[in-house]
Amino acid sequence: MKKRTLLASLALTAVLAACGKSEPAATAQAPAAPAPAAVTKIVVGLDDNFPPMGFRDEKNELVGFDIDMAKEASKRLGMEVEFKPIDWSAKEAELNGKRIDVLWNGLTILESRKQHIAFTAPYMANRQIIIVKAGSDIKDKAGLAGKVIGVQESSSAVDAMKKEEEVFKTFKEFKQFGDNITALMDLEAGRLDAVVVDEVVGRFHVAKKADTYTVLEDNFGTEDYGVGFRKEDTELLGKVNQALKDMKADGAAAEISKKWFGENIVK
């Protein structure tokens, strides 16, 4: 009897426990992820030896057309702007490695670059011009055959020339430099026969030494400048795009252009 009573008691206890068992509490929801912090500062990557787009003046301060454009745009967006000189040949790595936020320094919009970079709408048109020494016998692209041609490494001038394969393959030598100024110095010294460079940059230097250099009528095509962003930074790109649009509409961009080029060449 004791055994039977004990078993019955245990069974009753189990039933009562089951009946009185409460439902498990709903799993607490994880707290919502905090909203991304608003962008308050833009770090602009640039080649600080690329006048008149971005370069150092006699006080070693960064100045230039793109410097002023970036300052005006960031002011309108209520953002601080920092200018960070980079190795221009590694610009895409600097951008996508998040060491800078934008590339704003006479950056040509190229299909090859669109694979890795998102661009604003074009804000300036540019040509790839050919500069030779004054008195040179080179009069056009055909005259570059058998000559030593200089260019800035990783610049759009490289792509522009290679695109014209029939001309490019006639060069005696194709030399690439860290910056355009060094290339032009080699041209002046006679170590190069010609330099191919962005028109906005080339004419800035030629104007300083009109007796030293000549710009040929022939060129390697027209291209557009844009501001480059990481592909995922669509919100920031949209804001800067709108700021540029507003600057063109209200004349601010034209004033900056006249300061550096003597006329409005903003697209």
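Okay, ground rules. It's a predicted model, with local features needing pLDDT of at least 70, side-chain atom pairs counting only at pLDDT 80 or more, and totals for chains, interfaces and linings using all residues. Residues are numbered from 1 along each chain as its sequence is written, and side-chain values use heavy atoms, with hydrogens and water left out.

Overall, the chain has 10 helices and 13 strands; those are DSSP runs numbered from the N terminus, H or I of at least four residues for helices, E of at least two for strands. Of its 267 residues, 44% are buried, meaning under 20% relative accessible area with a 1.4 Å probe, protein chains only. If you take contacts (heavy atoms within 4.5 Å) with a separation of 6 or more, 74% of them join residues 24 or more positions apart.

Now the inside. The largest nonpolar core has 49 residues, and Met53, Phe65, Met69, Trp104, Tyr123, Ile131 and Met247 have the most contacts within it. Helix 9, residues 234-250, gives the most to this core, 6 residues. By core I mean buried Ala, Val, Leu, Ile, Met, Phe, Trp, Tyr and Cys residues joined through side-chain atoms within 4.5 Å. Apart from that one lies another core of 16 residues, including Ile130, Val132, Leu144 and Phe171.

Let's zoom in on Met69. Leaving out residues up to four places away in sequence, Met69 touches Trp104, Tyr123, Leu244, Met247, Ala253 and Ile256.

So how does helix 2 sit against helix 10? The axes of helix 2 (65-76) and helix 10 (252-261) come within 9 Å and cross at roughly 160°. Axes here are lines fitted to C-alpha atoms over the stretch in contact, with angles from 0 to 180 degrees between N-to-C directions. That makes the two helices roughly antiparallel, the label for angles over 145 degrees. On the helix 2 side, Phe65, Asp68, Met69, Glu72 and Arg76 take part. This contact divides into 7 nonpolar, 1 polar and 4 charged residues. For the classes, Ala, Val, Leu, Ile, Met, Phe, Trp, Tyr, Cys and Pro are nonpolar, Asp, Glu, Lys and Arg charged, the others polar.

Helix 9 is the other partner: its axis and that of helix 2 come within 9 Å, crossing at roughly 105°. That makes them roughly perpendicular, which covers 65 to 115 degrees. Here Met69, Glu72, Ala73 and Arg76 meet Ala243, Leu244, Asp246, Met247 and Asp250.

How values were computed. Buried means under 20% relative accessible area, exposed over 50%, partly exposed in between (1.4 Å probe, protein chains only). Angles under 35 degrees count as roughly parallel, over 145 as roughly antiparallel, 65 to 115 as roughly perpendicular and the rest as oblique.
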